[in-house]
Amino acid sequence: MADFAMDDDVVRAVLEPLTGQRPTGTTYSPSACAPVSMFDGATQPAASLAGVAAGEGGGRSTFTEAVVARRPDIAAVAAYVRRCPIVVQNDGGTPLTTTFAVRDGDRGRADQLLVVEETPDDPLSKQRALVAYARVGDYAVWARLRAFQGESVDRAQFDRLVAAAVDKVARSA
């Protein structure tokens, strides 16, 4: 996988979904299923507390990884996914329905790990993703491997991405 240059705007854009940020005017159905933060509260961590990497995977896929020097609340994310397995997001255009499902994952050196499969009904990109939310000590590790055009997410590649991200943090913590 090849990475590409990041700037503060890209870092903030990657961090927004981790903190439950949502665009002005966007609604969610059920209304109790607006995105949640993987941290205690919706305050976005400062970009100086985060490291972000992103790039293209093999075939039609992309990856994103974030490490934040802030203890995550993995239980809050897990509760959200179980409470809201199907969420409709409407930003005034065509509503987007996303299905969420908890999947098994190898915790490795993480103190906690949650793996979620995301399947939006976007007919243009036909995407699916696997997302890992992990806690390593007082650090949050988040990784997403997203496949497009109906491709399957390469589970072995995802597992390697998550293990490498967790191991980097565990070695430095």
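Author: Two strands pair if DSSP finds at least two bridges between them, strands (E, at least two residues) and helices (H or I, at least four) being DSSP runs numbered from the N terminus. This is a predicted model, in which local features need pLDDT of at least 70, side-chain atom pairs count only at pLDDT 80 or more, and totals for chains, interfaces and linings use all residues. Residues are numbered from 1 along each chain as its sequence is written, and side-chain values use heavy atoms, with hydrogens and water left out.

Reader: How do you know that E3 and E4 pair?

Author: Seven bridges join these antiparallel strands, and at least two are required, so they pair; Gly-55, for instance, has Phe-63 in E4 as its bridge partner. E4 also pairs with E9, again antiparallel, over eight bridges, with Val-67 opposite Val-141 in E9.

Reader: Why is Gln-149 called partly exposed?

Author: Its relative accessible area is 40%, and because buried means under 20% and exposed over 50% (1.4 Å probe, protein chains only), the range in between is partly exposed. Gln-149 lies in the loop between E9 and H3, and its phi is near 55°, a positive value in a residue other than glycine.

Reader: What makes the span of helix H3 agree with expectation?

Author: The expected span is 1.5 Å times one less than the number of residues; for the 18 residues of H3 (155-172) this gives 26 Å, and the end C-alpha atoms are 26 Å apart, therefore the two agree. Among the buried residues of H3 are Phe-158 and Leu-161.
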